[in-house]
Amino acid sequence: MIKKLNKNEIIDFVFKTPEYYNLSKQESLNRIGFDSSIFPVEYVQDFYANKVFSEPTDSEINKLIPAIKQADLIVDKIMNRIGINKKLDWNIGKINNGFDWNYPQTREEVIFLPEYFFDNPDSKILAHEKIHIYQRKFPKIFDEIYKSWGLKKIKLNEKEKQSIYEYNLSDRLIKNPDTTNFDKWVYPIGNDYYILPVYIINSNGKPTNVGFKLDLKNRDGNMYFTSDLSAIYDRYNSKQIDHPNEIFACSETNNIDF
Ligand SMILES: [Zn+2]
């Protein structure tokens, strides 16, 4: 079923999901045009509910239908292969032009699409976003897949958090809505060392991945900054690597034949 969020549903949704609106300084400047870090989170939520997001029109939804049908075929094929047979609804909201880099994204069970996308829908992007909804619904199944890739799910301890903080990146950190409410995964690079990828804003105002290396055997509290994530990009053949859910969504939708 395809359902669009109306104005009131968007407002309700935004106010029940504050975890998405606690933005860093550079992130908010680039996503929404002002430094939201000096405002309470409710102010940012109000801005998202009334300025950034809106209700898609009926004609916009109609333009998506052929691509959604194609995306359903892609997603069903992938989900069947990993043992998920349940069909989930499409809940669609619109991102007004010029916000959030005009990136399609998911928050909880809702897919938010930028204005341009309704005129130029892409079934693989829709499938990618829909996979994120499945990942939220069936976390155990996906956790097992990522463990089989050699990844480990960790919680940072206070020393490790402090170590990251000391690199003075907190103004530039970005949350990827697609992965905001998921756990932290680290990627093996040999000798018990693992990398935790992090998104930051680069000097061009665009999101870029950097990482922190840690010794998982000793957990001595040190997190070593690195901007070289080429080993991870090469191994997983994915343009997004900040969370295994992105790797899965990117690589599966790129590799599928239709
Ligand atoms: Zn994604």
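Predicted model: local features only at pLDDT ≥ 70, side-chain atom pairs only at ≥ 80, totals over all residues.
Trainee: Zooming out, how do you know whether the radius of gyration agrees with a compact globule?

Mentor: Set the value against the rule. For 258 residues, a compact globule would come out near 18 Å, and the protein has 19 Å, so the two agree. The C-alpha atoms fill a box of roughly 55 × 45 × 30 Å along the principal axes. As for burial, 33% of the 258 residues count as buried. Among contacts between residues at least 6 apart in sequence, 65% join residues at least 24 apart. In all, the protein has 10 helices and 10 strands.

Trainee: On to the sheet. What makes β7 and β8 a pair?

Mentor: Two strands pair if there are at least two bridges between them. β7 (residues 184-190) and β8 (residues 193-201) have 3 bridges and run antiparallel, so they pass the cut-off of at least two. Y187 stands opposite I195 in β8, and the bridge partner of G190 is Y193.

Trainee: How many bridges hold for β8 and β9?

Mentor: β8 and β9 (residues 207-215) pair in the antiparallel sense over 9 bridges. One place to look is Y199, which stands opposite N209 in β9.

Trainee: What is the order of the strands in the sheet?

Mentor: The order is β6-β7-β8-β9-β10, an open sheet of 5 strands with antiparallel pairing.

Trainee: Why are β6 and β10 called edge strands?

Mentor: Each of them, β6 (152-154) and β10 (224-226), pairs on one side only. From one strand to the next, the twist averages 40 degrees. β6 joins β7 through 3 bridges, antiparallel, with K153 opposite W185. At the other end, β9 and β10 pair antiparallel over 3 bridges, and G211 has T226 as its bridge partner in β10.

Trainee: Which residues take a positive phi in the hairpins?

Mentor: In the hairpin of β7 and β8, with 2 residues between the strands, N191 takes a positive phi near 55 degrees. D192 lies in that loop between β7 and β8 too, and its phi is near 65 degrees. The hairpin of β8 and β9 has 5 residues between the strands, and there G205 has a positive phi near 80 degrees.

Trainee: What makes the phi of N168 worth a remark?

Mentor: Most residues other than glycine have a negative phi. N168 is a residue other than glycine, yet its phi is positive, near 55 degrees. You'll find N168 in the loop between α8 (158-165) and β7.

Trainee: Is N168 buried or exposed, and how do you know?

Mentor: Count the neighbours. N168 has 8 other C-beta atoms within 10 Å, and exposed means 12 or fewer, so N168 is exposed. D192 goes the same way: it has 11 such atoms within 10 Å, so D192 is exposed.

Trainee: And where is D228, and what makes it exposed?

Mentor: D228 is in the loop between β10 and α9 (230-236). With 11 other C-beta atoms within 10 Å, D228 is exposed, since the cut-off is 12 or fewer. D228 and P114 are 114 residues apart in sequence, and their C-alpha atoms are 31 Å apart in space.

Key: Residues numbered from 1 in each chain as written. Helix = DSSP H or I, 4+ residues; strand = E, 2+ residues; numbered from the N terminus. Rg over C-alpha atoms; globule rule 2.2 N^0.38 Å. Buried ≥ 20, exposed ≤ 12 C-beta atoms within 10 Å, placed from the backbone. Contact = placed C-beta atoms within 7 Å. Axes fitted to C-alpha atoms, helices over the stretch in contact; angles between N-to-C directions.
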